[in-house]
Amino acid sequence: MNLVIVESPAKAKTIEKYLGKNYEVLASFGHIRDLPSKNGSVDPENEFKMSWSIDTQSKKRVKDIETSLKKADKLILATDPDREGEAISWHLLDVLSGKKGLLEGKTIERVVFNAITKKSVTEAIAKPRQLDMELVEAYLARRALDYLVGFTLSPVLWRKLPGARSAGRVQSVALRLICERETEIEKFDSREYWSINAMIENSQGPNFPARLVYLDGEKLEKFSLINAEQASKAKDTLVSSKLNVISVDSKPVARNPQAPFMTSTLQQEASRKLGFSATQTMRTAQMLYEGVDIGGETTGLITYMRTDGISMIGEAISDCRAAIEANFGEKYLPGQHRVYKTKAKNAQEAHEAIRPTSFSRTPQNLSLSGDMKKLYELIWKRAMASQMSAAKLERTTIEMGDQKKSVRLRSTGQVIKFDGFLRLYEEAMPLTAEEAENKSNTLLPQLTVNDLIKASDVKTEQHFTQPPPRYSEASLVKKMEELGIGRPSTYASILKVLQDRGYVSLDKRRFTPVDKGRLLSAFLENFFGKYVQYDYTAKLEENLDKVSAGNLNWKTFLKEFWSEFSSSIDETKDLRVTNVLDALNDALRSSVFPDKEDGTDPRKCSSCVDGKLSLKLGKFGAFVGCSNYPECKFTRPFGGDDTDTPTEDKLLGQHPDNGSDIILKSGRYGPYVEMETDKKPKRTSLPKSWPYDLMDLEKGLRLINLPRKIGEHPEDGNQIITALGRFGPYLKHNKTFVSLKDPEDMFNLGMNRAVELIADKIANPGRRANSATVLKEIGKHPKSNEVISIMSGRYGPYVKYKKVNATLPKDKNPEDVTLDMALEYIAAKIAKSPKKKIVKKKVAKEN
């Protein structure tokens, strides 16, 4: 009997059917062991020895593999065809080798396949190899490197930069990209410019648009016309000119298709065309790779999705070309197949591009739905188009002007003569204004030189230069790829970590750094600058690639890195928080202390005579405070300015019931109203949507009188109140809390509506912000037919089945959990749960 090990249980079932009764296929469920999250897991003083640990679930799986292996003649390691897959096989073999006599007399083979189809799997089984130890060493080097950076740097952050959770080798560089873009936007100085456009009347066809490109014999640059007066004069000159055609230039243009997808381009295009996040794209691609049921047999629909290769094997190209001819005809098939080479920095191209396993499976012929249908169609079309004929266009440019050569206009249009690959697919790339003009499909009339024309409907248009856009997931992945930072398999997890740790937010599909993200990035640039440099990070990736190619010893690589990095850590031991704040004040000057219009010092305290504003680090993060503290108590939020909050206390008036002063004040967390009482002062923060400069006594009284009693609940007689808390306005009855979107509801909500909201909250408790939410339903239990769900709870994700809650292992992404994995977690949880003891009642003895 032959024992085959793959990574996922879904894949195991499919492959076992392909191979037949002489094979047993088990799943490792990914990595069986990892470096524990504690000091000493990697020992630089002992040749970078790594101390691995196996979690409880993995121990059980290893035990199952051991049991089956005792009955087997051959062990076939068939994990994924990349570095991580090679590492999983190595880990498993290393653990099994430690079991005395277990591997004696056993044949051990490593096989890889790029697609889960019967043909690919059986061909791979017939061509086994040994473990690629150079690839394993590259994994070990990368894993040790990431551990050493994270577990050495993070304690420094905790001591010197309160609020920072951790820093990572690649995530910190990605964060720097996002922060630098934000700084560019803040420093951007918008400039005004004008353009002149007209419709051209002619005798040969309909009017067409043109723009003024020369004025007074000189070429118009972007900022040649910078105000309305200049634009108006240019318009007058154009209107009064007698115009004719100066030149007509028509030339053929060929547009070639893009290469098939690799991981990064798939993530980018899925983001642009489908609105998918990188994580969503990879999760869906994994499902397509592992396969769907087709005619009673599970078959993978696409090749392996973690790759930086853009080529297809000859067999796939032939299949693709046959599908093109069958679906579109011979004219859409070029004479020779196309060959693609990647331009990505540090690309390995060890695997094929992402393509359909069979081009005859058109999206229309498959019964897919939702994300799977959308992504498969995208992959199929892109791969098909990559081998189709070029599109043939004719681009025409008409130059028009007066005899004095004072003014000249230009119009550009293009006509598609043969659509070629464009019939099926066109990449969704953002275009510059010039590219958009050149790509214009405006149909121009057949004019000849010296034809008389007239400019009508002449318009002046005002423009302002725009700052560079914030990074989207697609543009950030593209930038990281260009710089050689990270690897295709890591992009999605890097972006997710930045969001999970609260360093960036994603708003309207664009990344914005939050305060603690900017602080962290500035800190690293000032005190660990080398390690967040783009070239340095890319150089590390190059060296890791050299390790995988066998051109660099992995321990030599780690020794060189650790020697410099540990010295940098040692240099920060005597670093004081005041030194950190001084550096951050300078690094973040443009965002924290922007220049004032009156030219005064932006760091001068507006609340006292000689105080200087500086960043301060508090329990809840950074804020701006005065150097004269505690004499001067001026504070403001990190991201604000002196006008965000009152610079001094403001008396709003007196409370009509007790005559106490109602004062508007400013604290480190924003403005609030305060009323003195016999005991401690009563304070209420301003709702976020209430500007402090519009505060008056009426509003102050409404806030200071909170909480507001609405009345007694008709069912139990207990009071219903509204109040303002840390997370905004809310409604409360007993232990039921309901968030209110509008602050005015705190003052206007009536009894009937309040009772409705409370009843709805009790009926739908899962809507609480801090309660468990359903991430996804992954299927039904085979015995009870009850739904099994992945939940997001207060302490992390878990599997829920009836009353059983099974926590996911720390290294397990909820997106990757399958039904089979969930069943294992549930069974393990039930087995661990203490059984209720049945206490027998004592029967009273009869006298």
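This is a predicted model: local features need pLDDT of at least 70, side-chain atom pairs count only at pLDDT 80 or more; totals for chains, interfaces and linings use all residues.

Author: Residues are numbered from 1 along each chain as its sequence is written, and side-chain values use heavy atoms, with hydrogens and water left out.

Reader: Why is H16 called roughly antiparallel to H17?

Author: Helix H16 (residues 534-548) and helix H17 (residues 554-571) pack at an angle of about 160°, their axes lying 9 Å apart. Angles run from 0 to 180 degrees between N-to-C directions, with axes fitted to C-alpha atoms, and those over 145 count as roughly antiparallel (under 35 as roughly parallel, 65 to 115 as roughly perpendicular, the rest as oblique). H16 is therefore roughly antiparallel to H17.

Reader: Which residues of H16 and H17 meet, and what is the contact by class?

Author: With contact taken as heavy atoms within 4.5 Å, Tyr536, Leu540, Asn543, Leu544 and Val547 in H16 meet Trp554, Phe557 and Phe561 in H17. By class, this contact of H16 with H17 has seven nonpolar, one polar and no charged residues.

Reader: What makes S25 and S28 edge strands?

Author: The open sheet has four strands in the order S25-S26-S27-S28, with antiparallel pairing. Strand S25 (708-712) and strand S28 (736-739) are its edge strands, as each pairs on one side only, and the twist averages 25° from one strand to the next.

Reader: How do you know that S27 and S28 pair?

Author: Two strands pair if DSSP finds at least two bridges between them, and strand S27 (residues 728-733) and S28 have four bridges in the antiparallel sense; the bridge partner of Leu731 in S28 is Val738.

Reader: Why is strand S1 called mostly covered?

Author: Buried means under 20% relative accessible area, exposed over 50% and partly exposed in between, with a 1.4 Å probe and protein chains only. Five of the five residues of S1 (residues 2-6) are buried, and S1 is accordingly described as mostly covered. Asn2, Val4 and Val6 point one way from S1, whereas Leu3 and Ile5 point the other way. In a regular strand the side chains alternate between the two faces of the sheet.

Reader: Which strands does S1 pair with?

Author: S1 pairs in the parallel sense with strand S5 (residues 74-77) over four bridges, and five bridges join S1 to strand S2 (residues 23-27), also running parallel.

Technical notes
Helices (H or I, at least four residues) and strands (E, at least two) are DSSP runs, numbered from the N terminus. Ala, Val, Leu, Ile, Met, Phe, Trp, Tyr, Cys and Pro count as nonpolar, Asp, Glu, Lys and Arg as charged, and the others, Gly among them, as polar.
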